[in-house]
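Please take a moment to look over the chain as a whole before turning to any single part of it. The paragraphs below go from the overall picture to one helix and its surroundings.

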Amino acid sequence: MGIYLNPGNKNFWKAIRSEIYVDKTELIGYTNRYLNTREQFICVSRPRRFGKSMTLEMLAAYYSLGCDSEELFRGYKIEKHATFKEHLNRYDVIFLNMQRFLSRAKNQEVTEYLEKVVIAEIRQAYGELFSEQETNLTAALEQIYAATERQFIFLIDEWDCIMREEKEAEALQKHYLDFLRNLLKDQPYVALAYMTGILPVKKYGSHSALNMFAEYSMTNQYVFEEYTGFTENEVKELCERYHMDFEMTSSWYDGYRFKRFQHVYNPKSVVEAMRCRDFSNYWTSTETYEALKIYMDMDFDGLRGDIVRMLGGGRVKVNTRSFQNDMHTFKTRDDVLTLLIHLGYLAYDSDSREVYIPNGEIIEEFENAMSAGGWQEIMRILKASEKLLEDTLSCNEERVAEGLDRAHTEAASILSYNDENSLGCAIGLAYYSARKDYKIIRELPSGHGFADVVFLPLPRTGKPAIIVELKYGKSAGEAVRQIKERQYFRALEGYGGEILLVGVNYDKNNSNKPHSCVIEKLTV
């Protein structure tokens with residue numbers, strides 16, 4: 001077994017021996033389907049700590065020539081697949097961790113160093129088939145294939161690290177992309193190329209140097225949706241095994257959405273929560289919030305207002321197609337929002353083409369970034385939100401209206417009231433601290449319509465549910481009557497206990513007291 005050529009199955013062996021391993025081996029069925037086809041070039045981009053490296057270790061264990069992995073996969077889903085034995089340990093695998101090459105290259109070009117060390121290892125197995133003076137990896141592999149028709153599977157981890165860490169080094173980036181294209185494109189020795197990173201393939205103008213790759217990113221994972229993170233059923237099984245509350249787990253780590261799988265969870269964070277028996281911020285604790293703050297402070301076309309709307313539970317339209325797939329070329333707010341999708345800070349709904357903040361873990365990261373400065377007015381709203389919730393629970397209508405007035409005054413420079421939807425975002429922001437005890441749902445289907453905002457208490461909080469109906473230029477009493485007439489409380493199926501019916505009206509013509517509030521109690 002080598003480091004770069006046929007790395008074997010040791011790392012996958014460690015993965016399945018870990019305390020928590022969720023079976024994702026059926027992914028191999030897709031890579032087997034794509035072997036030696038027009039779809040044999042696969043680029044999968046996901047946020048960090050979403051299991052990319054573990055997937056490559058699994059593929060290396062399955063395909064690597066020279067090791068026996070049949071027993072290792074026994075009992076896992078792929079064992080029942082029709083192609084399981086056909087391709088098991090039948091290919092030479094070249095495993096390239098680009099982060100490692102970038103950090104070790106020092107004064108050498110990254111690709112020059114890569115070719116040097118990889119050729120040295122390949123020479124041990126196939127040295128008699130190419131010249132001792134050969135320093136070009138592509139030429140060496142061509143000569144091996146010409147003599148043996150031996151094909152290789154390329155597994156490339158952190159393929160985009162040069163784009164992320166050498167953001168402005170365009171010459172280096174182009175050289176690197178040209179190297180990959182020459183190594184892989186139209187080469188008969190390639191049976192499959194599977195590479196992972198955070199960013200999709202870098203674009204230059206209207207073309208991509210790696211246009212042979214099919215891309216599976218956070219804007220559309222296609223057939224790899226269920227392998228992007230943990231599915232809802234997988235998380236439910238873990239919660240049962242570790243006696244952890246599923247609703248709390250969802251509130252913290254759910255929120256990534258695709259076409260078939262509507263609930264995809266951050267795998268790293270779920271594993272740590274189960275192991276530690278505690279809900280906390282595990283994913284973002286590995287990186288400083290400063291990285292997020294840099295992008296939040298790029299106020300392209302009202303980006304700042306978009307972030308505030310999402311903090312309030314709203315969604316924002318985005319065009320993901322203009323993004324150049326790097327961390328340097330930003331021309332519009334859409335470019336920044338799209339990058340935050342790929343980094344995992346925002347989730348994307350491809351049906352509505354909207355972005356939103358996925359879960360409690362990521363909300364905390366936005367709050368940390370804002371607390372570092374430049375967002376003082378929003379931080380004041382967030383700090384006041386706990387008192388607003390207390391006043392709501394005590395049914396103090398006057399103080400709730402006053403609290404909403406103050407929140408509106410603070411946010412007025414960033415977030416304007418144009419309609420009930422924008423009012424809903426502002427209300428969500430004003431009740432920010434309620435997320436600790438509630439699952440907050442906007443536009444919840446209920447009875448004969450949609451409840452504007454529903455606060456569903458998380459388990460063991462002992463707090464009542466809250467249904468908020470918003471009016472713009474009407475009356476708070478009318479809002480409460482609508483809740484009762486349309487029976488919005490039926491949305492809380494399975495909930496038994498006290499419900500607060502909260503009507504809020506905003507009157508733009510009343511400059512002294514623009515908000516009014518009516519609160520009634522209901523028991524079901």
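Accessible areas come from the Shrake-Rupley method with a 1.4 Å probe, and for residues only the protein chains shown count as cover. By this method the chain exposes about 22600 Å², and carbon and sulfur atoms supply 44% of that area. This is a predicted model, in which local features need pLDDT of at least 70 and side-chain atom pairs count only at pLDDT 80 or more, while totals for chains, interfaces and linings use all residues. Residues are numbered from 1 along each chain as its sequence is written, and side-chain values use heavy atoms, with hydrogens and water left out.

Of the 524 residues in the chain, 57% count as buried, a word that here stands for under 20% relative accessible area, with exposed for over 50% and partly exposed for what lies in between (1.4 Å probe, protein chains only). The chain has 20 helices and 17 strands, which are DSSP runs numbered from the N terminus (helices H or I, at least four residues; strands E, at least two).

Consider now helix α10, which covers residues 232–242 and has Glu234, Val235, Leu238, Cys239 and Tyr242 as its buried residues. Seen down the axis of α10, these buried residues fall within an arc of 135 degrees (taken from the directions from the helix axis to the C-beta atoms), so they line one face of the helix. On the other side of α10, Asn233, Glu237 and Glu240 are exposed. The buried residues of α10 pack against β8 (230–231), α11 (246–253), β9 (264–265) and α12 (267–276), where contact means heavy atoms within 4.5 Å. Just after α10, His243 takes a positive phi of about 55 degrees.
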